[in-house]
There are 2 protein chains.
Amino acid sequence: MAANSRLTIAVHALAWLALAQRDGRRQLTSDQVAASVNTNPVIIRRSLGELRRAGLVSVRRGANPGWSLARRPEDITVLDVYDAVESRPLFALHHAEPNLECPVGQGIRPALQTVYAGAEQALRAELGDTSIADVLHETLGA
Amino acid sequence: MAANSRLTIAVHALAWLALAQRDGRRQLTSDQVAASVNTNPVIIRRSLGELRRAGLVSVRRGANPGWSLARRPEDITVLDVYDAVESRPLFALHHAEPNLECPVGQGIRPALQTVYAGAEQALRAELGDTSIADVLHETLGA
DNA sequence: TTCTTTGTAACTAAGTCTGTTACATTAAGC
DNA sequence: GCTTAATGTAACAGACTTAGTTACAAAGAA
């Protein structure tokens, strides 16, 4: 069960909010979002809570409660969502410090960091090129 | 402890093999590699075993045993290593099938797959641009 | 004040990753 | 053939991640 579907859940929730908004529904409760994603409402609250802290959605409490987008769907990229829900780096360095008396152990960490930074940058650039509006369009259109 | 350092360990091992080879040592045992990476020899055997199945290293048993590169360091890319040691995709889709009666739940999976495929492709292109020779050069040079 | 939902804590269950011990298997060299 | 040192693997422990669930205090529009 430990596969990482947090980005999937968050993007799904946002696309559903975007569609609901387009159809005139002002907000959705976490129960309504959970029904589309097919998971527990608490999972949705946790995910949308992270998106709220990132400024991507806002929440209304009291009467007529629920979640709504804080920006236009075309102004939210998948990269924004990724940054909001994924905190850990793609690749980790050594758990234990490598042997500094070996020339490789001594210099490899900055070399690897350079490689990993380039790879993450490429990934981020690609994710930044797709918006929630794009995802919704592809979801409905294809 | 569950952070993913498999790529780090594998690249480190290969860089160390490349350097040893350049210095005239024909092969290294998993104990010797483990001493540089600072981990258990079994971890190294598991990692190098995957690289062997991918055709990146070869192993010699019996007398004078140990591991050596099966290709020149400039002909092994970090992408080759990534493919050898990382089997799981970067992002997972929903654990449970989304609600197919919701238009978003119905169409979002192929839309997400497109986004994820593009991101992985960008990552792979970047990893494919760096060889073990490059990593070793940066490790020793900088 | 009411009333529905959010926000969160606490817990379970499943899975990943590193590290460790133990041991059968391998094969080059004598 | 025998010897011998290292490989290949199984089995397990321990720390951590993630999804899912229950329960309940806090919020806040009407």
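Predicted model: local features only at pLDDT ≥ 70, side-chain atom pairs only at ≥ 80, totals over all residues.

Visitor: Okay, how many helices and strands does chain A have?

Guide: Chain A has six helices and two strands. Going along the sequence, the order is α-α-α-β-β-α-α-α.

Visitor: Is chain A spread out or compact?

Guide: Spread out! Its radius of gyration is 19 Å, while the globule rule gives 14 Å for 142 residues, so chain A is more spread out than a compact globule. The C-alpha trace spans about 65 × 30 × 25 Å along its principal axes.

Visitor: And what percentage of chain A is buried?

Guide: Buried residues are 38% of the 142 in chain A. As for contacts with a separation of 6 or more, 69% of those in chain A join residues 24 or more positions apart.

Visitor: Switching topic: how many residues surround DNA strand C?

Guide: There are 33 of them, and the closest are A:Thr29, B:Thr39, B:Val42, B:Gly62 and B:Ala63.

Visitor: Which element gives the largest share of that surface?

Guide: That's H3(A), with six residues. Helix H2 (30–37) and strand S2 (66–69) of chain A each supply at least two, and so does helix H3 (41–53) of chain B.

Note on methods. Residues numbered from 1 in each chain as written. Chains lettered and ligands numbered in written order. Helix = DSSP H or I, 4+ residues; strand = E, 2+ residues; numbered from the N terminus. Rg over C-alpha atoms; globule rule 2.2 N^0.38 Å. Buried ≥ 20, exposed ≤ 12 C-beta atoms within 10 Å, placed from the backbone. Contact = placed C-beta atoms within 7 Å. Near = placed C-beta within 6 Å.
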